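Subject: Structure handover and findings

Hello,

Here is the structure you asked about, with the sequence alongside. My notes on what was found follow below it.

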Amino acid sequence: MNSSAFIQKVTEYLAELYPDHDNTLLKDQCLAAMEITEIGSVPEVREDYWSCEEVVLITYADSVTSDSKTPLETLKHFADQYLSGRISTIHILPFFSYSSDDGFSVIDYSVVNQSHGDWDQIEAIGENFKLMGDVVLNHCSARSLWFENFKEGRNPGKDFFITVKPDVALNEVVRPRTTDLLRPTRTILGEVFVWCTFSHDQVDLNFKNPVVLVEFLKIIRRYLEHRISWFRLDAVGFLWKELGTSCINLPKTHLIIKLIRLLVENRSEDAIIITETNVPILENLSYFGDQDEAHLIYNFSLPPLLINTLITGDATQLKRWMMTMPSAKMGNAYFNFLASHDGVGLRPVEGLLSTAELKNLTDTMVEFGGRLSYRATQSETDQPYEINIALWDALAGTDKQGKDDFQFERFICAHAILLALEGIPAIYIHSLLATKNDHSRVENTGNLRSINRHIWDQDELELHLGNRESHHRKVLVRLLELIQTRKQQKAFHPNATMLTLSLGSGLLGFWRQSLDREQKIFAIFNISKEMRTLPMETLNLTIKQRWIDLISGVDFIDRSGTLELGPYDFLWIGNQK
């Protein structure tokens, strides 16, 4: 796309979004916000955004703390010591000043939270790792300058928020919370009711006002200036509101994402857009657009389906889902994860798990120490929205027999699946460290999600990681070994071909082939606590090539025999020249 086509596209998007505004002026304001002075051609969709070496760590700035260093300095020390050469990208969850929700209620997008560190320390982490940052663009803190100005009738902020009369029907609005949608707020003009999708401390921004869009383009430019090149658009599906609709996944939300991508890519060819949309599958897939929206989309169906698979010992529903998922086009990829700072979302398994299966899953998670969050619906009863639990505890046992002695094996098997699937794997720091449920933090914060947001003391963590008997050390060592093996396999490129194998309900298997078709890998997993066998002939290993287990190095010379897999054993069988 040449420069004139770029300008034309920007203007077209703005005209659709803001038909009553001067779009030439808006275009100039958007370019100025991004400091785009020399307009070049926008790159075509590329095939080299990522490789098989791409593995992401998800962490808070203060997931590990020390008395002698700031949290960001401590994070850099941890990452440099343990993750260098393994992890390619670090997603640092919101690190700005905030008032609630562990950073997702942002007070000031321009200033790093002083208790975390400063911009220089963010950049220092970016010397050895690519950086992903959150653009929390649906809402901001009720304590922000913007909202204070809104109440006083001043700019910036006067027209930044959405007000609705309390008698307006809002029953169609889809929300992830059970709190009241509207927040009574006293302003200089009297009491108004402000839209709050998530909490009354998180007031939704009004993107019908183009000034709000321009302000966020300035924020994104600032990220780029501080080495952040991957942009996670938080809760982006709720961005645009129209009364009389569900107010989620609306067409103008998609237009804003297209516009952001177009501008960001013009400023930096390395920029990656990731949409965080915890919604059913088809809605989630729509955020790829026509390869002009998100580069990556969160694979939200994977965590609940894989946990369900491993606690039931039945891969039927997981395989059914895998076989229906379309391969991402080159230039797009799935962002695969099993755990994050949030809970395990349940909306993405609507239509995938039956009511009975969903109840069995949630009941088992509660038995293993988890909690349930609910969302408001039009029915008489609220629906479970997410499971709040640490992944280590979620995989503590099975649904029928409860906790058992296979927690470590089950946990590693889950991540071996994650690392082998089509897409880019992302591992939450508390999964990498096998952190347990933090019930005391839930009691202290009143936030159910705090159960999986433990804050480690660096000295205590080092003691665990130095103890060969500690499950924290065992998990970290094993996962880093698997990551290192994964990074060497061309067939694990995020866009390499994947085909699901039919191996019965107790085994999960899929076949990967590298983009150049030279490497093939059969990934086989026993997802149960029972011994499983598999005839070698089932895999159709070609005669002229050598086949080995890439993990153990075992050579499969005799292909007429039977594979034996113990509880939660797995193989990555690859061809060698």
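Please keep in mind that this is a predicted model.

The largest pocket has a volume of about 390 Å³. Its lining is made up of 21 residues, and those nearest the centre are Asp-101, Arg-177, Asn-447, Leu-448 and Arg-449. Two elements give two or more residues each to this lining, namely strand S16 (371-375) and strand S17 (383-388). Of these, S17 gives the most, with 3 residues. Sorted by class, the lining of the largest pocket has 11 polar, 5 nonpolar and 5 charged residues.

Cavities

Searching the whole structure turns up 5 cavities of 30 Å³ or more. The largest cavity has a volume of about 300 Å³. It is lined by 29 residues, and Phe-198, Asp-234, Glu-276, Asp-342 and Arg-449 lie nearest its centre. The lining of the largest cavity divides into 11 nonpolar, 10 polar and 8 charged residues.

The second largest cavity has a volume of about 60 Å³. Its lining has 14 residues, with Ile-281, Asn-284, Asn-299, Ser-301 and Met-325 nearest the centre. Helix H8 (281-285) and strand S13 (296-298) are the elements that give two or more residues to this lining, and H8 has the largest share, 3 residues. What classes of residue line the second largest cavity? There are 11 nonpolar and 3 polar residues, and no charged ones.

Helix packing

How do helix H9 (residues 302-312) and helix H11 (residues 355-367) cross? Their axes come within 11 Å, and the crossing angle is roughly 80°. Angles from 65 to 115 degrees count as roughly perpendicular, so H9 and H11 are roughly perpendicular to each other. On the H9 side the contact is made by Pro-304, Ile-307, Asn-308, Ile-311 and Thr-312, and on the H11 side by Glu-357, Asn-360, Leu-361, Thr-364 and Met-365. By class, that contact holds 5 nonpolar, 4 polar and 1 charged residues.

Sheet

An open sheet of 5 strands runs in the order S22-S23-S24-S28-S26, and its pairing is antiparallel. The edges are strand S22 (497-500) and strand S26 (546-549), each of which pairs on one side only. From one strand to the next the twist averages 20°. Inside that order, strand S24 (residues 520-526) and strand S28 (residues 570-576) are antiparallel partners over 5 bridges. Ala-523 has Trp-572 in S28 opposite it. Helix H10 (residues 316-324) lies across S22 and strand S23 (507-513), at about 25° to S23.

Backbone details

The peptide bond from Asn-155 to Pro-156 is cis, with omega near -5°; Pro-156 sits in the loop between helix H5 (145-152) and strand S8 (182-187). Cys-247 is not a glycine, yet has a positive phi of about 60°. The loop that holds Cys-247 runs between strand S11 (228-233) and helix H7 (251-267).

Regards

Methods. Residues numbered from 1 in each chain as written. Predicted model: local features only at pLDDT ≥ 70, side-chain atom pairs only at ≥ 80, totals over all residues. Heavy atoms only, no water. Pairing = 2+ DSSP bridges. Helix = DSSP H or I, 4+ residues; strand = E, 2+ residues; numbered from the N terminus. Axes fitted to C-alpha atoms, helices over the stretch in contact; angles between N-to-C directions. Contact = heavy atoms within 4.5 Å. Parallel < 35°, antiparallel > 145°, perpendicular 65-115°, else oblique. Nonpolar A, V, L, I, M, F, W, Y, C, P; charged D, E, K, R; others polar. 1 Å grid on protein atoms, 1.4 Å probe; cavity = no way out; pocket = protein on both sides within 12 Å on 5 of 7 lines; lining within 4 Å. Points joined across faces, edges and corners; volume = space filled by probe spheres on them.
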